[in-house]
Amino acid sequence: MLAKTFGSAVFGVDATIITIEVNVGQGLGFYMVGLADSAVKESQQRVEASLKHFGYKMPRQKLVVNLAPADIRKEGSAYDLPIAICTLQCSDQLACVRNTEDYIILGELSLDGILRPIKGVLPIAIEARKQGFKGIVLPAENASEAAIVNNLDVIAVETLADAIGFFKGTKDIEPLIVDTRDLFFTSQNDYEADFEHVQGQENIKRALEISAAGGHNAIMIGPPGSGKTMLAKRIPGILPPLTLPEALETTKIHSVAGKLGKEATLVSRRPFRSPHHSISDVALVGGGSYPQPGEISLAHNGVLFLDELPEFKRSVLEVMRQPLEDRKVGISRAKMAVEFPANFMLIASMNPCPCGYYNHPDKDCVCGPGVVQKYLNKISGPLLDRLDLHVEVTPVSFDQISSTRKSESSGQIRERVILARERQTERFKNHKEIYSNAMMTPEMVKQICIIEDSGKILLRKAMERLGLSARAYDRILKVSRTIADLADSDDIKVEHLAEAIQYRSLDRENWAG
C-alpha cells in the first residue's frame, strides 16, 4: 500500500514543495530515504508514540518513507504530521474523505500527539498558493502567520487527532481568516520610544532626521551617558512606514529565522536589531552548515544598531562591507547557494577613546599618547567610507535635562522624512534598484548633485582646511542633496553643503590629535 501527501522545505527565504510517500510492504524495519537529516529521521519515534497515544498502531512491516526530490536536503521536524497521516493511510487505519494531496501538511509532533510550531510558514504558504494547493494544514500557533496569504484555506490543528478527524470528515475545521491588512495599518505607528521624550540634543536629532530622510548610514561619537543608544532606539519611529511588499519580505525573513513568535501576523513596524559586540561573523551576516539569516537580514528594511563599534571583532565588521554595498548577502555551500536580502540602515555608536572622555567639556581624558588614534583605527577605512554621517554627541546639561519644554515628536519628524523620501522616489523612478540618496552611484552623484561655483569654493576650502579625505567628497554631496530635499529645494545651496560638511568628523586628519 502506498500513500502520498505534500510538505515543504525552505531554502533562503523561498520554499520548495516536498512530496512525502509512505509504503508498507513485506518485511520488517523502518527506512527513510531522500537526504533527511537527523531531526527528520527521528520522526519515527515521535510518530509512533503519537499514534499509540490516540489508539492507532505503527505497522509492524517494512515501512519506507521517501522524501522527494531526493537530491534536496531536508531538515527539521515539520515532516512529522504528514508522515503520520500517510502511515495511517497506507496501513488502512485512515479512510480520507478529504484528499490529502490537495493540502500542504506541516507540523512537529510531541509524544502525546500535540502539535508544536515550526519555522518558515509564510514562504511555504506563499509557495502553496502559487502551486495551486487548496489549503495548508499546520499547528494552530502558526495559523495566523499562514493566514497572511489570501485564497488559501488555513486549517489550524492542535493535535494529531484533529488532523485525522479533518481528513476523515468527522471534524469540521473552518479555515482561519485574518484581516492582516487592517492589523497592519492600525499598528504601523505603535512605537514606544519617541523623540518627544528626549530633552536637548537638537543637533543630534537633526542629524538622525537627515540620516532617515536619505537612508544614510551614521555613526555617533560621544562619552558614556550622552544618550547615543537612547537616540538610536528612536530612529525606526521617524522612518517612513513599511509598505505591504516591504512588510511581506521582512516577515518572510523573520519567519524563516523563527523570530515571529506565537499568533504572529505581518511585521508592521520597521525592525531594530542591536546585536552584542561579542557576536560572531556567521550570526551577523548569516550562514551555518544549513544557511540561516543573520542580524543584517533580520534588520532588512529597518535599522541595524552597533553599539560600541570598536569593541566588535575586526573580522565581524569587515564581512559587513559587501552587504552594505550590495544590500543583500549571498551564502554559498558545496551543495547549495542561498541569498538573503540585507537592505538596512547602519547606525553605530562609539566612545571617542577607551576611557570615553576625549574632548569631554568637563572631564579629562586619561588615555596615553597615541591611544586615541589606535582606538579609532579599529574601524577600517573602507567601513568608515560607508558611513555618511559622523555625529559628535555631547553630554546634556542639567538645565536641558530638567526642562519641562516639550520636544518635537517622532511623528512630526517623520512627516518631513516622508516628504523628502517622496522627492527621492520621483527622482529615481527610472532606476529600479535605487530609491534613496544614499544608494546613488558615483555617476549619478555627478549628474544629480550639481553645486554652484560658491559651493565648489566652500567644499574646496573645507577639504583643505579640515583635512578631509577624498572619500568624503561623494558622501558630502549625497548628504547635502538630502538636506536640500528636507528643505524642499531643487538645488543644493551653500548652506546645505555647509551643514553636510560638519558631519564628517572622523575624516579630519587632526580629529584624534
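Author: In this predicted model, the largest pocket holds about 1,200 Å³ of space. Its lining is made up of 45 residues, and the ones nearest the centre are R327, N343, E433, Y435 and M439. Sort the lining by class and you get 19 charged, 16 nonpolar and 10 polar residues.

As for where the lining comes from, α18 (410-427) gives the largest share, 4 residues. Helices α10, α14 (321-326) and α21 (472-486), along with α18 and strand β16 (337-341), each supply at least two.

Let's stay with α10 for a moment. This helix covers residues 244-256, and at 1.5 Å a residue its 13 residues should span 18 Å; the end C-alpha atoms are 18 Å apart, so the two agree. Its buried residues are E246, A247, T250, T251, K252, I253, H254, S255 and V256. After α10 comes G258, with a positive phi near 70°.

Now for the cores. The largest nonpolar core counts 80 residues, and L81, V137, I219, I296 and M320 have the most contacts inside it. Helix α3 (residues 80-90) gives the most to this core, 7 residues. Take I296 as an example: setting aside neighbours within four places in sequence, I296 touches L284, V285, L304, M320, P323, V329, A342 and F344. Another core lies apart from that one, with 48 residues, including L208, A212, V391 and I413.

Conventions:
Residues numbered from 1 in each chain as written. Predicted model: local features only at pLDDT ≥ 70, side-chain atom pairs only at ≥ 80, totals over all residues. Heavy atoms only, no water. Expected span 1.5 Å × (residues − 1). Buried < 20%, exposed > 50% of the residue type's maximum accessible area, 1.4 Å probe, protein only. Core = buried A, V, L, I, M, F, W, Y, C linked by side-chain atoms within 4.5 Å. Contact = heavy atoms within 4.5 Å. 1 Å grid on protein atoms, 1.4 Å probe; cavity = no way out; pocket = protein on both sides within 12 Å on 5 of 7 lines; lining within 4 Å. Points joined across faces, edges and corners; volume = space filled by probe spheres on them. Nonpolar A, V, L, I, M, F, W, Y, C, P; charged D, E, K, R; others polar.
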